[in-house]
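Visitor: Please give me a close look at a single part of this model, with the cut-offs behind each term as you use it.

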Amino acid sequence: GTSAGANGGRGQASFFGTQASGDRFVYVLDVSGSMNKGKGRRLRRAVSELLRSIDQLRDDQMFYVLLFASSTRQMFDEESLVPTMLPATKENKACIHEWISQIKATGGTHPQRALHVGPNLSPSAEFFLSDGKFNTPKAVDLFGGDALDAKTVVVRSHPDNIQWKCVL
């Protein structure tokens with residue numbers, strides 16, 4: 001939802017049942033090969049919820065999408081070092097629908113770069129969605145430990161400012 005009642009005029013967003021207040025939202029979405037399980041049901045459900053959440057934002061709210069698999073893809077495959085959030089206008093929502101409709105799930109599960117880019121956009125909240133464990137050498141090198149679950153990776157990345165939800 002996007003009502004602005006008791007939260008002092010600020011907007012809201014929800015993603016897979018996780019609510020957050022604010023006007024700036026980053027979505028970090030797993031598009032690794034494991035999201036193809038169930039004949040692609042996981043990816044379709046994740047994309048559907050992402051678009052639903054963005055579509056509920058008001059024009060004066062901002063959003064940015066990061067996708068991760070073996071590497072991180074910035075929104076619209078932008079390659080700038082400092083990405084910029086976009087207002088949730090009808091035009092920008094149409095653009096995200098077009099871009100995300102072309103996404104294919106493939107590759108490994110390496111969320112590290114995406115989890116470091118998101119906070120640099122100064123979001124009110126960052127929504128993180130993944131279906132798996134991060135047990136690659138990169139996960140061990142950057143976060144320590146063995147097979148790391150999604151919550152552990154997120155908490156070790158930035159424990160105080162992230163809303164997270166894991167779809168299994």
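**Aromatic rings and the strands that carry them**

Guide: Phe-15 stands opposite Thr-18 in strand 2. The model is predicted, so local features need pLDDT of at least 70 and side-chain atom pairs count only at pLDDT 80 or more, whereas totals for chains, interfaces and linings use all residues. Residues are numbered from 1 along each chain as its sequence is written, and side-chain values use heavy atoms, with hydrogens and water left out.

Helices and strands here are DSSP runs numbered from the N terminus, a helix being H or I over at least four residues and a strand being E over at least two. Strand 1 and strand 2 (residues 18–21) pair in the antiparallel sense over four bridges, where pairing requires that DSSP finds at least two bridges between the strands. Together strand 1 and strand 2 form a hairpin with two residues between them, and in that turn Phe-16 has a positive phi of about 50°.

Gln-12 also belongs to strand 1, and at 22% relative accessibility Gln-12 counts as partly exposed; the scale calls a residue buried under 20% relative accessible area, exposed over 50% and partly exposed in between, with a 1.4 Å probe and protein chains only. Although Gln-12 and Ser-124 are 112 residues apart in sequence, their C-alpha atoms are 9.5 Å apart in space.

For the rings themselves, Phe, Tyr and Trp (through its six-membered ring) pair if their ring centres lie within 6.5 Å, and planes under 30 degrees apart count as stacked, over 60 as edge-to-face and the rest as tilted. By this rule there are seven aromatic pairs. In one of them, the ring centres of Phe-15 and Tyr-27 are 5.5 Å apart with the planes at 75°, so the pair is edge-to-face. Because Phe-15 lies in strand 1 (residues 12–15) and Tyr-27 in strand 3 (residues 24–30), this pair ties together parts that are twelve residues apart in sequence. Both Phe-15 and Tyr-27 are buried.

Phe-68 and Phe-128 also form an aromatic pair, and theirs is stacked, with 5.6 Å from centre to centre and 5° between the planes. Since Phe-68 lies in strand 4 (residues 62–68) and Phe-128 in strand 7 (residues 125–129), the pair ties together parts that are 60 residues apart in sequence. Phe-68 is buried, with a relative accessible area of 0%, and Phe-128 likewise counts as buried, at 1% relative accessibility.

Phe-15 and Tyr-27 also belong to one aromatic cluster, formed with Phe-16, Phe-25 and Phe-127. In soluble globular proteins, nonpolar side chains tend to be buried together.

Contact means heavy atoms within 4.5 Å, and, leaving aside residues up to four places away in sequence, Tyr-27 touches a set of residues that includes Ala-13, Phe-15, Leu-50, Ile-54, Phe-63, Val-65 and Phe-127. Val-65 is also the bridge partner of Tyr-27 in strand 4, within a parallel pairing of strand 3 and strand 4 over seven bridges. Strand 4 is mostly covered, six of its seven residues being buried.

Strand 3 also pairs with strand 7 in the parallel sense, over five bridges, and there the bridge partner of Val-28 is Phe-128. Both faces of strand 7 are covered, with Ala-125, Phe-127 and Leu-129 buried on one side and Glu-126 and Phe-128 buried on the other.

As a setting for this part, the protein chain has five helices and eight strands, and 48% of its 168 residues count as buried. Among its contacts between residues at least 6 apart in sequence, 69% join residues at least 24 apart.
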